Amino acid sequence: MNMKTIGVIGAGQMGNGIAQVCAAAELDVVLRDLSEEALEKALATISTNLDRSIKSGKLEAKKKQEILAHIYTSTDIGALVGCDFIIEAATESIDIKQCILAELESVIAHDAIVATNTSSVSITRLGATLKNPDRMVGMHFFNPVPVMPLVEIIRGVRTTDSVFRAATTLAVKIGKTPIAVKNSPGFVVNRILVPMINEAVFVLQDGLANAEEIDAGMKLGANHPIGPLALADLIGIDVCLAVMEVLYRDFHDSKYRPARLLREMVDAGQLGRKSGKGFYEYGQMPVV
Ligand code: NAD
């Protein structure tokens, strides 16, 4: 398949990073969001990211304008008409995503591929929204997209081999390392990672050790680059709770029950770095 123009729907945290890495691989990008404001913010974020890469010597200064010139922004879904491959990275809501997919299919070519970056919605279920579910595939990027090398390529029940291969090829082309995954709640990484974080919260809630000791234990004893509680603060404690709720609901297995303390922290608005306070107070000592 000739992949030249990539559509990205949603210009938030993930969408702007996906647009950046595609443009850096010399692909044309059509980035769509609902407001000009969101699109301007995305371009400003990409510009700042590129400046940082120039400063650290990872990017030649003259490349910045070349990369930005590959990105066309629009609030109109019709702008995606010529895209060969579209990656949906809009707000995590099944209703929003289903509306986008229905709208999208009425404007794109019959052989264009549709990927979704959803963290928690079933790829098979989203695919069923399309008249042609065979063209749906999951491409689960990690945050921040320009930095994190992994993309999980997720096969829904109807995803064809050629669509799966095209998504894998695109991931490699934009400098990522793909892993092949079957559709299942949490896919691979979140299914392993978030229950581990949840277990660390149980350990804290049971008073076995304090946050710093738990994190030091996993860094020094398991060779993790960051402790599970510091990582929860980075990901967002609300996001960790949402992932555990999806795993618990979909598997009906008590091993996925969210720790009470996780829920209490969300209720208290202690969401981690983004709220200034989580298991740590930024950038000070543990608060729990
Ligand atoms: P975000 O809230 O930063 O951005 C979402 C964007 O989608 C917003 O700019 C919003 O205006 C836009 N949007 C909403 N409806 C739209 C529509 N109809 N058309 C076009 N744009 C629309 O969210 P995010 O963190 O970038 O997450 C996006 C997706 O990526 C979600 O599915 C999320 O689960 C997934 N994801 C997030 C992370 C993460 O760490 N944040 C990691 C992997 C996957």
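Analyst: Two strands are said to pair if DSSP finds at least two bridges between them. The strands themselves (E, at least two residues) and the helices (H or I, at least four residues) are DSSP runs, numbered from the N terminus. The model is a predicted one, in which local features need pLDDT of at least 70 and side-chain atom pairs count only at pLDDT 80 or more, while totals for chains, interfaces and linings use all residues. Residues are numbered from 1 along each chain as its sequence is written, and side-chain values use heavy atoms, with hydrogens and water left out.

The setting comes before the part itself. The protein chain is divided into domain 1 (5-182) and domain 2 (191-278), with bounds that come from an automatic or database domain assignment. Taken over C-alpha atoms, the centres of domain 1 and domain 2 are separated by 28 Å.

Eight strands form an open sheet in the order 3-2-1-4-5-6-7-8, and the pairing is mixed.

Two of the pairings may be followed in detail. Strand 1 and strand 4 are joined in the parallel sense by four bridges, and Val8 stands opposite Ile87 of strand 4. Helix 1 (residues 13-24) packs on the sheet, where it touches strand 1, strand 2 (28-32), strand 3, strand 4 and strand 6. The direction of helix 1 makes about 165 degrees with that of strand 2; such axes are lines fitted to C-alpha atoms, for helices over the stretch in contact, and angles run from 0 to 180 degrees between N-to-C directions. Strand 4 also runs parallel to strand 5, again with four bridges between them. In this second pairing, Ile86 faces Val114 in strand 5 as its opposite residue.

Buried here means under 20% relative accessible area, exposed means over 50%, and partly exposed lies in between (1.4 Å probe, protein chains only). Thr116 belongs to strand 5 and counts as buried because its relative accessibility is 1%. Beyond its neighbours within four places in sequence, Thr116 contacts Glu88, Lys97, Ile123, Leu126, Met136, Val137, Gly138 and Met139, a contact being heavy atoms within 4.5 Å. Between the C-alpha atoms of Thr116 and Asp134, which lie 18 residues apart along the chain, the separation is 13 Å.

Helix 6 (residues 161-173) has 13 residues and reaches 18 Å from its first C-alpha to its last, close to the 18 Å expected at 1.5 Å a residue; the expected span is 1.5 Å times one less than the number of residues. Val163, Phe164, Ala166, Ala167, Leu170 and Ala171 are the buried residues of helix 6. Viewed down the axis of helix 6, these residues fall within an arc of 160 degrees, so they line one face of the helix; the arc is that of the directions from the helix axis to the C-beta atoms. On the face of helix 6 turned away from this buried side are the exposed residues Arg165 and Val172. Just after helix 6, Gly175 adopts a positive phi of about 85 degrees.

Val147 lies between strand 6 and strand 7, in the loop that joins them, and it is exposed, with a relative accessible area of 60%. Val147 and Gly7 are 140 residues apart in sequence, and their C-alpha atoms are 21 Å apart in space.
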